[in-house]
Amino acid sequence: MSQASPRSTHRRFDVTIRGGGVVGHTLALLLARDRLRVALVGAPSRPATGGGDVRAYALNAAARDLLRSVRAWPEDALAPAGASVADAPPAITPVTGMEVFGDGHGELRFGAADQGTDALTWIVDVPALEQRLAHAVHFQGGIECLSEAPPAALTVICEGKRSATRAELGMEFEVRPYPHKALATRLRCARPHGGVARQWFRNGEIMALLPLGGAQGNSVALVWSLETQQADAWLAAAPDALAQAVQERCGQALGEMQLESPAQAWPLELARATRWIARTAQGGVALAGDAAHAMHPLAGQGLNVGLADAAELARVLHEREYWRELGDLKLLRRYERARQADVNAMAWVTDGLFGLFAQTDSRIQSLRNWGMQGVDRLGPLKHWLARQAMGQAG
């Protein structure tokens, strides 16, 4: 990665990527591999080493293969300052089992062995993934990290849900807030998690405990979707009280719990851009990642969908006719058509599930628990659901 210089803004870039998150970094690496000159705007000039981020991503096989292809899959955690790599916990935890619980006796269980694989998905530590991507970009000569966006044949907006550039261009972004916030933190448990991801749908709330620290670890990442007022109350509560509440709501599944980090929360919403592409006087524009869509995290597919955007856009650009410009609208429509269909389908599923499990009517609770039990007994349907969660067709 070249450092930004006074002359950088006078260079001609093929693609400018606005947004230095996981999707933006991954796309930059994919495009630079095709010898395109890429400007990455909004990324730090050097890899970050700090912590404090409680998020963890559930990444499927397609996302893993994509990150491996650009040498950014964090096989081992980067050690913090003053520590050795051996002292750092594993950055990746394979999920060998999933357990989903309803309000009553409804249960759904998936096992990696049943699907003929070593893992259903992988829980990846966010800081470790971001560090790996930053290091990969740092050593990629075809990418320049800049503080201002230079003109380019194509500009890709990866700035997130609140993208200022998207708003400036007048690209419509429909937002429907949920009456919930996502509360997140990390907890240390008395018992090891065993590589199992657990999720509870109860009383209109959705709680997930994602395994961390490797296959033998006893830490979990909490993602708890609950009413906004309740989420704010738990943010203000004592750490021990929050840990006790989680412990009780998950039925002591992992024994006594203690918070490892302060809790954080953010609003949940269903959002999507009506158009993903545009043409300006400077060149073509495309949206990717959260700048194009946002959905409820109950299915754990948010970043998987964003990385699929990056993979599809890179594929479309790679396979373009030799005479077609990078910002050609007909070219970009291929990307838009391919991704809108998949994203809309996933958004429809997550929104429907949220609506179903947010219902507190006892009759609906009985119906959905009956449905979970039925799916658990139907081998072909259960297999299909597992393959979808793993990012694999069939």
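In the predicted model, strand β1 (residues 13–18), helix α1 (residues 22–33) and strand β2 form a β-α-β unit that is right-handed. The two strands of this unit, β1 and β2, run parallel and are joined by four bridges, and within this pairing Ile17 has Leu40 of β2 as its bridge partner.

Strand β2, which spans residues 38–41, also pairs with strand β8 (residues 143–146), again in the parallel sense and over four bridges. Leu40 takes part in this second pairing as well, its bridge partner in β8 being Cys145, so that Leu40 is the bridge partner of Ile17 and of Cys145, where buried means under 20% relative accessible area. Leaving aside neighbours within four places in sequence, the residues in contact with Ala221 are Ala56, Thr185, Arg186, Ala208, Leu209, Leu210 and Leu212. Ala184 and Ala221 are separated by 37 residues in sequence, while their C-alpha atoms lie 7.1 Å apart in space.

Conventions
Residues are numbered from 1 along each chain as its sequence is written. This is a predicted model: local features need pLDDT of at least 70, side-chain atom pairs count only at pLDDT 80 or more; totals for chains, interfaces and linings use all residues. Side-chain values use heavy atoms; hydrogens and water are left out. Buried means under 20% relative accessible area, exposed over 50%, partly exposed in between (1.4 Å probe, protein chains only). Two strands pair if DSSP finds at least two bridges between them. A crossover is right-handed if, with the strands pointing away from the viewer, the path from the first strand over the helix to the second runs clockwise. Contact means heavy atoms within 4.5 Å.
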